[in-house]
Every structure is written in C-alpha cells, then in structure tokens.
Amino acid sequence: MADFIAAPLKKPTEVDIVKPLKNLISASYSTADNPEDYSDAINELSKIRNNAVWRVFEKYESSLEVIYGYYDQLCALEAKIPAHEVQIPFKWKDAFDKGTFFGGRISLTVSSLSYEKVCVLFNIAALQSAVASSQSLVSDEGLKLAAKLFQQSAGIFNHLKATVMLAIQQDPTPDLNPDALAALGAVMLAQAQEMFAQKAMHDNMKPAVIAKLCAQTEELYAEALKALQKEQLKPLWDRDWILLVAGKQASFHGLTEYFQGLVAHEDKAIGEEIARLEKAVELLKAGQQRSGRATLFEELTNKATRALNDAKKDNDFIYHERIPDYKNLTPVSKAAIAKALPLPKQFSQNFKDLFENLVPVTVHQAMAAYEVRKSEIINGEVTKLRDSTNMLNSILASLNLPAALEESVGGALPQSLVEKSNAVISVGGVDALNDQLTELPELLQRNRDILNEAERLLKQEQEQDDQLRERFKSWTRTPSVKLTETFRANLAKYREIINNAVLADKVVREKFESHSQCIKLLSQGANAINEAVPSASSAGVSSNSLAFRRLKELMEEVEIIKAERAAIESELKSATIDMKSTFLSALSQDGAINEVALSTESLGRAFGPLQHQVKDSLSKQEKIIGEIQTQHSDFIRERSANGGASAQREQMLMNLAAAHDAFMELQSNLKEGAKFYNDLTQLLVAFQNKISDFCFARKTEVNELLENIANEKPAEDTSEVKKAAPPRPPPPTTSPASTPASQAGPSTAGAPHLPYPSYPVGMPVPYGASSSVPYPSYVPPPMPQSFNPYAGMGGVPYPQQGYGGYPIPPQPQYPGYPPYQPMPPHQMPPHNPHQW
C-alpha cells in the first residue's frame with residue numbers, strides 16, 4: 001500500500017456557547033406574540049459541538065458523520081443569525097504547530113460564528129484526508145471511498161483558500177494562510193487522481209488508459225510539489241511531505257512511461273518500448289530514492305525492470321530495431337478525472353435543523369422593516385384621532401359642556417361631574433398618581449446605573465489596551481478606541497434618550513401640580529365637591545329650549561364619535577398580517593424579497609379602509625364643533641336672560657371637569673412612562689451585555705497575545721500586565737421593577753401626548769464589522785411595536801419614531817423585543833454570560 005499525506009487537525013478549546021446563544025435569541029428573536037425558547041436546541045448544539053470537535057481525533061469513517069452534523073448545524077444557524085452577532089470567543093490552535101519546549105502553541109481566538117465554521121471545515125477536510133489515507137487499495141470500495149474523500153478534501157481546502165480572509169477579517173494562523181490551504185488542496189487533488197490510477201491498475205484496464213491517468217497524476221504532484229516548496233511554507237510541513245510528493249511525481253512519471261511502453265509493445269514498436277521502459281525504470285528508482293521509501297511502487301518497478309530486460313532480449317535476437325532518443329518520443333496525453341468537489345449544501349445524511357423554526361436573517365430584516373412601516377401608519381392614524389379628540393375635549397371644557405346642560409335643569413351637582421369623581425376614585429385617586437410619580441425617579445436612576453456601568457467597562461478595556469500597547473512594541477491588534485467608536489456613539493445617544501425622558505417627566509409633574517387641588521377634590525367624592533362648589537341659582541334654561549335640545553343631541557353625537565374612534569383605534573392596533581409567510585414564499589420562489597412592494601401592498605389592503613374612516617371622523621368633527629359653538633352662544637343668551645348660575649360656580653365646574661381629563665391623561669402617561677423606562681432597561685441590559693461580551697473577547701485575546709509574547713521572549717515577565725485587568729464587575733444594583741404596562745388601568749382616548757420618546761425599531765445604529773474592525777456587529781433588539789401616546793406633545797421635541805432625532809436603519813435586523821415582565825430586584829439586570 002502506497003503512502004499518502006493526511007492533513008493534521010486543528011485542536012479546539014472548550015467554550016460556553018449556551019449562554020451567549022440564549023441571550024441572543026431571547027433578546028433578538030422573541031416577540032410578545034411569539035416568544036422563542038430554544039434552550040433545548042442550544043443545549044443539544046453544545047453537546048454536538050463537544051462531541052464533534054474531539055471525535056475527529058478518532059480517525060474513522062464514523063467520525064465524519066459526527067462532524068458533518070455539527071457543521072451543518074452551524075450553516076443552518078448562520079443563515080438565521082448573523083455570524084458577527086455571536087459573541088462567543090472561539091479559540092483554535094494551529095494544526096501544524098507542535099508547540100515549544102515550554103508548551104506554547106500558536107492559536108487564534110475570534111468571536112465569530114464564521115471563524116468557527118472555517119476551523120470545523122478545515123478539520124472536516126483533514127479528517128477526510130486521514131480516512132482516505134487509511135483505505136485499502138486492493139478493494140473497489142476502499143479505492144472509491146478514498147477517491148471521493150480526497151476530492152472532497154481538495155474542494156474544501158480550495159473553498160477555504162478563497163473565503164478564509166473574508167470570514168475572519170484578520171491575520172489567520174499559519175494553517176489557514178491561503179497559500180498553505182492552496183498547497184493542501186493541490187496535494188489532496190493529486191492523491192485523488194492517484195486513486196483513479198490505482199483503480200485502473202486494480203481493474204487491469206488497458207495500458208493506454210492507465211498511462212494517461214498516470215500522466216495526469218504526475219502533473220498534479222508536480223503542481224503540489226511547487227506549492228509545498230514555497231519558502232514561507234516549508235517550515236510548516238513534516239519533512240517527509242516534500243520528499244514523498246517529489247518521489248511520487250517521479251514515480252508516476254515512470255509509471256506513465258511503463259504503461260505507454262506496454263502500449264508500444266502491443267504495437268510491435270520495440271524500439272519505443274525499450275526507450276520508454278528504460279526511462280520508466282530510471283524514474284521509478286528515482287522516486288524511491290527521493291521519497292526515502294525503498295518499497296514505493298516496488299512491485300511495479302520490478303515489473304518494469306523485467307519487461308525492459310525481456311524487450312532488450314527480444315530486440316537483440318529478433319527485431320534489431322534502433323532505439324530512439326527518449327526526448328524525441330511523443331508525450332503521453334493526460335486524462336484528468338479527479339476534480340476538487342464543491343461544498344455540498346449539506347454534508348450529513350440525516351441532518352435535522354435544531355433551529356428550523358427560526359426564520360432566515362433576510363426574512364427577519366424584511367419583517368423588521370415591515371414593522372417600521374406598520375408602526376408609522378398606526379402611530380400616524382392614532383395620533384390624528386387622539387389629537388382631534390383632545391381638541392374636542394378642550395373646546396367642550398371651555399364651554400362647560402355637558403355640565404352646563406345638567407346645571408340648567410336644577411341646582412344639584414351635575415351628574416356627569418359625579419360620574420367623573422367616581423371614575424377618579426375607582427382607579428385610586430390622587431394617591432395613585434403620587435405613587436407613580438414617586439416611582440419614576442427610581443426607574444430613571446436604574447437606567448442611568450446600567451449605562452454608567454457600560455461606559456465604565458468600555459473605559460476600562462481601552463485603558464488596559466493602551467497600557468499594553470505602550471509596554472509592548474509588538475502589540476499589533478486593532479486599538480480599542482477604533483473598535484468601540486460605534487459603541488460610544490450609541491452610548492451617547494442612549495444618554496440623549498434618558499435626558500429627553502427627564503424633560504418628559506418634568507412636563508408630567510407640572511401638569512399634575514397645575515391640577516392637583518381639583519384632583520384631590522374629585523378624589524374625595526360627590527359630597528365634598530358639593531360643599532366646595534358655590535351654590536347655584538334657581539333660574540336656568542328650560543329643557544324645551546331649542547338651543548338646549550340641540551346641544552343635548554350634539555353631546556350624544558360627540559359620544560358616538562368618541563366610541564367610533566375607540567373602535568377604530570382598537571382595529572388599528574389589533575390588525576395582523578401574516579407577512580412571515582409572504583416573505584418566506586417570496587424568498588423561496590424568487591430567491592430574494594422585495595420588502596417595499598410586498599409591505600406596501602399588504603399594508604394598503606389592511607389599513608386603507610381604516611384610514612378612510614379616520615378621515616371621515618375628522619371631517620364629521622369639524623361640522624359638529626361649528627354647530628356646538630353656534631348653539632352654545634344661543635344657549636348662553638337664553639340663560640343670561642333668565643339669570644343663570646354664578647360665574648364662580650361655573651368656573652369651578654369647568655376646573656373640575658378639566659381636572660378629571662388631566663387625571664386620566666396623567667394616569668395613562670405615568671403608566672406609559674413606567675413602561676418606557678422598564679423597556680429601556682431591557683435595551684440597556686442587552687447593550688451592556690454586548691459590551692461585556694466584547695470586553696470578554698478582548699480579554700481572551702489579550703491572554704492569547706501575552707502567551708505568544710511569553711513564548712517568544714521567555715525571559716520577559718508578563719505577570720504584571722496580566723494583573724492589569726480587574727475581574728469582570730457585576731451589573732449595577734437596581735430598584736424594584738414597576739407595574740408593567742400590561743396592567744394599566746383605564747385611560748382616556750383623548751389624552752394629549754406627553755414627550756416620552758417612542759420606541760424605535762432597530763435602534764441604535766448597528767455596530768458594523770469591517771476588514772479593519774473584525775469584532776462582531778452590535779444591533780440591540782428593537783422595542784415593541786405599540787403606539788406611544790407621549791410622542792409629539794407640543795413644546796417638547798420628541799419624534800414619533802427614533803429617540804430625539806435618532807436615525808432608524810432602513811432595514812433593521814430584528815422585528816421586535818419581548819414585552820416587559822416584572823422581575824424581582826435580584827434578577828435585574830440578568831447575569832452576565834461570561835466570567836472573567
């Protein structure tokens with residue numbers, strides 16, 4: 001059995017993939033409507049990895065299926081989760097580095113799924129070469145399997161040569177150098193061609209066919225030898241590799257001439273036969289000598305020697321042909337059978353995607369963009385309805401309607417005011433508002449603490465990098481200040497968000513203080529109000545008055561309009577469209593998604609009728625307001641003629657009605673404000689975790705570089721530097737979470753908008769990786785797609801989408817963020833996924 005070259009395996013290190021993947025999927029792929037829990041799948045993936053990366057060292061055919069399965073899972077996962085989003089520090093050692101006397105080995109740590117794929121794929125090719133090398137050359141099955149595996153291995157090495165630099169975006173370990181990969185691919189392809197030549201010899205095919213196969217094999221070994229002999233690569237290889245390849249090149253050149261000599265023998269061209277056999281014996285012996293293997297093609301060498309002796313004997317006694325110069329013989333044509341096989345879509349025979357329910361990244365991006373468009377339509381239409389209702393309420397309050405109508409038929413407290421008082425009392429009155437106002441500063445401080453901790457981590461990491469860069473002149477990794485530019489920009493924008501929210505809190509408190517006395521009075525009930533309100537005169541407007549009757553009818557129409565708007569708003573918010581299926585279908589049929597066209601069509605179909613209803617409602621309100629003002633003027637004249645209620649009483653009733661509206665508005669605003677802070681907390685925790693993962697990956701890289709420096713300069717003491725980075729700090733202490741917005745009490749449809757920022761999709765700007773920034777990108781999960789009634793209040797410039805002018809990417813990466821759920825203090829924020 002001939003000798004073959006098997007590529008060495010890269011050695012992995014243990015790494016926790018469970019926590020980072022759980023954090024990523026729960027933060028970016030779960031929504032309120034469809035919470036995702038892939039704990040079992042992630043745990044199974046971790047088991048598959050641990051089995052696959054170590055099983056390859058058992059160089060059996062059964063080990064291939066194990067590592068095939070893991071690689072297929074990585075490919076399936078990468079199609080659904082951007083490779084640079086996975087903040088897992090994968091560390092792999094160089095395949096050719098056997099270490100030094102002190103035990104050091106070259107290794108590289110990269111926090112990217114792409115790097116993990118590259119290393120696993122390298123080991124697949126290496127294991128294929130090892131399994132192929134161990135096959136028997138005397139059986140058809142062994143030859144066929146070896147040929148197949150060598151071709152697959154060559155294809156993988158060629159694929160890695162073309163993609164490795166783009167995948168890891170930094171200097172690779174020597175085994176992943178494109179030139180080294182090209183050399184390995186050339187060797188594997190030559191060995192695959194050799195399998196076809198061996199198969200032809202095993203099957204006793206015609207000498208002409210075998211000669212052509214051997215000629216191609218000789219050429220491929222010549223190319224492999226040239227690739228192996230590059231100066232920068234020679235230190236990598238085992239010293240036997242170049243000798244063996246050189247020997248095989250000579251040997252297959254000799255076999256080409258041997259079998260072509262047999263062809264000449266069949267053609268009775270004895271002179272050519274002798275010339276070729278002489279050259280064959282010379283080359284076969286040279287192959288044995290170059291390779292240092294005396295048994296290399298020993299049997300065929302003996303056959304060639306016997307055939308040469310026989311041919312010379314026959315020529316001397318029978319044919320007496322002139323022996324031509326070998327240089328004048330026609331070269332043997334080549335038959336290229338072996339090819340570097342392209343990567344299959346799926347290696348494993350029984351592959352089952354652990355994450356089959358996670359949709360592809362392109363669909364997630366389309367879904368996120370669709371949610372932005374949908375949110376804009378909903379927010380826009382609801383804003384129109386609420387602004388119009390607010391204006392209607394303001395006009396009615398200024399006219400003291402409908403309380404003025406009730407006041408006109410008797411001196412008792414208007415029934416509508418009694419109902420307003422009961423409504424205030426039913427939801428906790430002024431005490432409930434005070435409790436919610438007290439809670440906001442605590443929630444604000446919690447968010448500030450998390451943001452401060454994130455900033456401290458970035459600053460600490462940069463200081464350590466600067467210290468090491470100053471200490472070691474060979475410190476060549478990308479500076480922290482360059483890598484964290486976008487992190488810091490996002491941090492500044494988060495601070496802007498919080499500052500804007502503080503202004504919103506101020507507006508809420510000022511509104512509360514301006515109505516606090518009347519709200520307290522409403523909270524005390526009808527009797528207290530009756531005592532506080534000046535008494536009414538006995539005179540009034542007759543219920544038979546035309547103006548009175550028409551105003552009563554108009555008040556009923558106003559209530560109908562409000563009810564209709566509440567129904568329209570509910571339909572706007574509850575409208576659902578299965579865009580996931582639409583996008584998946586488009587991706588399957590066309591291979592791409594035209595999100596703009598598909599979203600516009602679906603949204604127009606779903607919201608077009610509702611938008612028309614909103615337009616009709618606004619038009620109807622304009623007509624009603626004009627008639628109310630006309631009829632109210634007639635009503636006031638009639639009441640003045642009959643001696644109506646005192647001005648003090650009427651002003652008091654108007655103030656109480658306005659206080660009721662303000663109470664309901666404040667209650668809604670405060671609950672929405674608490675929800676805003678709680679949702680922002682989850683965004684900030686995700687942001688802080690991303691920074692923690694980044695710092696952890698950089699810390700791992702520091703240890704790698706320090707170890708390499710220590711191996712290069714054993715005398716240099718690096719212990720001081722290793723102590724430079726303190727342990728990873730715990731997350732900031734947080735205050736108890738407030739009542740979630742899902743438990744909010746009743747709110748008035750007409751509540752005016754306060755300036756809390758609405759929750760944008762895809763905020764903040766993604767932290768993109770590039771060739772100069774090889775670290776994973778950062779795109780925090782977007783907030784829920786629900787209408788925020790605070791945005792756009794006059795006087796405070798909060799935009800409807802995007803905090804404080806914050807730009808929204810045209811295609812955010814994820815569609816939504818799970819709604820806030822109350823958590824005990826000891827669980828806020830969640831535990832960091834790595835320990836220093």
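Is lysine 234 buried, partly exposed or exposed, and what is its relative accessible area? In this predicted model, lysine 234 is partly exposed, with a relative accessible area of 37%, and its side chain meets that of glutamate 231 in a salt bridge with an N to O distance of 3.5 Å. Glutamate 231 is itself exposed, its relative accessible area being 59%.

Because lysine 117 lies in helix 4 (residues 113-133) and glutamate 78 in helix 3 (residues 61-78), the pair ties together parts that are 39 residues apart in sequence. Lysine 117 has a relative accessible area of 16% and is buried.

Arginine 495 and glutamate 455 also form a salt bridge, with 2.8 Å between the closest N and O atoms; here arginine 495 in helix 16 (residues 485-523) is linked to glutamate 455 in helix 14 (residues 429-471), 40 residues away. Arginine 495 is partly exposed at a relative accessible area of 25%, and glutamate 455 is partly exposed at 34%. A network of salt bridges, moreover, links Glu461, Asp465, Arg469 and Arg698.

The aromatic side chains complete the picture. The structure holds 16 aromatic pairs, and one aromatic cluster is formed by Phe487, Tyr494, Phe687 and Phe694. Rings also meet charges: lysine 248 lies over the face of phenylalanine 4, at 3.9 Å from the ring centre, while the charged end of lysine 10 sits over the ring of phenylalanine 122, 6.0 Å from its centre.

Methods:
Residues numbered from 1 in each chain as written. Predicted model: local features only at pLDDT ≥ 70, side-chain atom pairs only at ≥ 80, totals over all residues. Heavy atoms only, no water. Phe/Tyr/Trp six-rings, centres within 6.5 Å; stacked < 30°, edge-to-face > 60°. Lys NZ or Arg CZ within 6 Å of the ring centre and 35° of its normal. Helix = DSSP H or I, 4+ residues; strand = E, 2+ residues; numbered from the N terminus. Buried < 20%, exposed > 50% of the residue type's maximum accessible area, 1.4 Å probe, protein only. Salt bridge = Lys/Arg side-chain N within 4 Å of Asp/Glu carboxyl O.
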